[in-house]
Amino acid sequence: MIQRLRRDRVFGRKLVIAMVGLPARGKSYIAQKLARYLGWLGHPTRVFNVGGYRRAQVGARQPASFFDPANEEGSAARDRAAREALDDTCAFLAGAGAVGIYDATNTTRARRANIAARTAALGYDLVFVESICDDPALIDRNVRATKLGSPDYVGVDEDEAIGDFRSRIELYARAYEPVGEGETEDALSFIKLIDLGRDVRLHRITGHLPGRIVYYLLNSHASHDDRRPIYLTRHGQSVYNLRERIGGDAPLTVRGEAYARALAEHFGRAPPNGAPVVWTSSLTRSIETARPLPWSSVVWRALDEIDAGICDGMTYDEIRRSMPDEYSARAADKFGYRYPRGESYVDVIERLEPVILELERQRSPVVVVAHNAVIRVLYGYFMDRAPEVCPSLDVPLHTLIELQPSVAGATERRHPLGPMLEQDRYG
Ligand code: F6P
């Protein structure tokens with residue numbers, strides 16, 4: 001059942017996304033973010049970084065001259081790394097993979113023609129994503145944010161590393177042929193991101209998945225300056241939590257109200273850098289939890305708890321006794337199971353996609369006050385967890401989760417606040 005659902009979502013087509021661009025244009029960052037997003041949506045995705053293959057084959061430390069297109073030995077070594085990474089991309093797609101992201105410079109028409117021929121022969125779709133940026137300040141920030149910490153420059157003096165990297169960029173620039181300039185590339189599908197997404201150009205982009213990718217790239221910032229925190233919390237304890245009932249629209253208990261106050265006090269002690277955007281679901285317990293916060297909040301229905309359909313308002317025990325088949329079907333496959341006339345976790349992921357896009361777009365801190373299943377799924381996205389594990393992620397009540405997205409992936413801090421509750425067996 002899940003298998004069918006997920007295959008349907010890629011419409012049976014496998015896709016190669018080939019990055020294009022000079023070094024330090026944020027290609028790897030975009031590739032990693034896309035992989036996380038597509039994986040979260042249920043399309044098994046992996047990034048194949050040619051730099052990694054090159055380092056494994058010839059060692060990390062190479063002088064800038066290694067990257068000179070006139071250097072035959074260097075070019076042969078780089079071609080070998082590129083070939084091997086493309087072989088692995090295709091092998092991944094021949095197996096369980098749905099999307100392979102081929103993360104290389106791919107700056108020449110010859111290199112792209114080879115990728116196009118190879119993927120066409122295997123029946124894979126191909127989209128090039130080119131990152132173009134001529135703004136020296138942006139490039140400089142990029143070099144500092146990523147290259148200084150790269151294995152290529154371990155133990156190298158900062159100025160020396162930056163100088164060397166700039167020479168490398170210049171050498172690549174000599175052979176750079178932007179995608180689609182000239183008739184030979186008219187048949188290719190490509191997305192051009194100019195100045196990290198300030199301008200976006202599309203060519204021959206059709207189909208469901210390429211459309212989603214464009215939608216994501218238009219909204220998510222390709223810049224590394226993703227430094228604003230995202231706070232996730234479930235609502236305070238509700239009357240239904242206390243009675244061990246799922247769903248419903250119950251108000252907070254006295255302890256739940258104490259959590260709402262503790263949350264506001266926490267932000268009083270540790271204010272985020274800049275007034276945050278606060279989002280709640282449309283349910284009473286979520287709105288009541290956000291009420292003591294000193295900022296106004298926006299209600300999103302998409303943040304409502306998983307719809308338990310005909311089981312709404314029951315305890316897990318009642319479901320087990322009165323609907324044993326439903327109970328065991330959910331126990332066997334909590335991710336794919338859909339409550340009769342309700343939702344599954346797969347459905348919740350789909351409905352949260354616009355929320356993720358909006359979270360990506362926000363430049364200020366965001367506080368999300370929602371529910372067990374919803375917070376699990378949002379947390380799973382930021383922490384790069386496979387969608388299938390989301391239903392079992394531990395997201396206790398009365399705990400604020402502070403996420404700090406960064407180039408290397410998000411880090412988290414958990415703040416237990418307000419009254420301690422017993423083991424949160426019933427969410
Ligand atoms: O019990 C609280 C709750 O938010 C329910 O409303 C919801 O059905 C449940 O948690 C989701 O958790 P699980 O998927 O583990 O049943």
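These legends describe close-up views of one predicted model.

The model is predicted, so local features need pLDDT of at least 70 and side-chain atom pairs count only at pLDDT 80 or more, while totals for chains, interfaces and linings use all residues. Residues are numbered from 1 along each chain as its sequence is written, and side-chain values use heavy atoms, with hydrogens and water left out.

**View 1**
The domain assignment gives domain 1 (9-219) and domain 2 (230-416). Such bounds come from an automatic or database domain assignment. Taken over C-alpha atoms, the centres of domain 1 and domain 2 are separated by 36 Å. The contact takes 14 residues from domain 1 and 18 residues from domain 2. Contact means heavy atoms within 4.5 Å.

**View 1. The largest pocket.**
The largest pocket has a volume of about 1,000 Å³. Of the 50 residues that line the largest pocket, Ser28, Tyr29, Asn49, Asp103 and Lys147 are the closest to its centre. Elements that give two or more residues to the lining are α2 (27-40), β2 (45-49), α3 (50-58), α4 (72-94), α6 (136-147) and α7 (158-174). The largest share, 7 residues, comes from α2. Domain 1 (9-219) and domain 2 (230-416) each give at least three residues to the lining of the largest pocket.

A pocket is an open set of points on a 1 Å grid over the protein atoms alone, where a 1.4 Å probe fits, with protein on both sides within 12 Å along at least five of seven lines; lining residues have an atom within 4 Å of a point. Grid points are joined across faces, edges and corners, and a volume is the space filled by probe spheres set on the points. Helices (H or I, at least four residues) and strands (E, at least two) are DSSP runs, numbered from the N terminus.

**View 2. Residue classes in the pocket lining.**
The lining of the largest pocket divides into 20 nonpolar, 13 polar and 17 charged residues. Ala, Val, Leu, Ile, Met, Phe, Trp, Tyr, Cys and Pro count as nonpolar, Asp, Glu, Lys and Arg as charged, and the others, Gly among them, as polar.

The 23 residues of α4 should span 33 Å at 1.5 Å a residue, and its end C-alpha atoms are 32 Å apart, which agrees. The expected span is 1.5 Å times one less than the number of residues. Buried residues of α4 include Gly74, Arg78, Leu86, Cys90 and Phe92. Buried means under 20% relative accessible area, exposed over 50%, and partly exposed in between (1.4 Å probe, protein chains only). The buried residues of α4 pack against β1 (15-20), β2, α3, β3 (99-103), α5 (109-122) and α7.

**View 3. Helix α8.**
Helix α8 covers residues 208-219. Its 12 residues should span 16 Å at 1.5 Å a residue; the end C-alpha atoms of α8 are 17 Å apart, which agrees. Among the buried residues of α8 are Leu209, Pro210, Ile213 and Tyr216.

**View 4. Ala116 in helix α5.**
Ala116 is found in helix α5. Ala116 is buried, with a relative accessible area of 19%. Not counting residues up to four places away in sequence, Ala116 touches Leu126 and Leu188. Ala116 and Gly149 are 33 residues apart along the chain, and their C-alpha atoms are separated by 33 Å.

**View 5. Gly180 in a loop.**
Gly180 sits in the loop between α7 and β5 (190-194). At 28% relative accessibility, Gly180 counts as partly exposed. Gly180 touches Glu185 and Phe190, not counting residues up to four places away in sequence. C-alpha to C-alpha, Gly180 and Phe190 are 8.0 Å apart in space, and 10 residues apart in sequence.

**View 6. Tyr327 in helix α13.**
Tyr327 is in helix α13 (residues 324-332). Tyr327 counts as partly exposed, at 32% relative accessibility. Tyr327 touches Tyr316, Ile319 and Arg320, not counting residues up to four places away in sequence.

Most residues other than glycine have a negative phi. Ala24 has a positive phi of about 65° although it is not a glycine. Ala24 lies in the loop between β1 and α2, and counts as buried at 4% relative accessibility. Glu244 also has a positive phi of about 65°. Glu244 is in the loop between α9 (239-242) and α10 (254-269), and counts as partly exposed at 31% relative accessibility.
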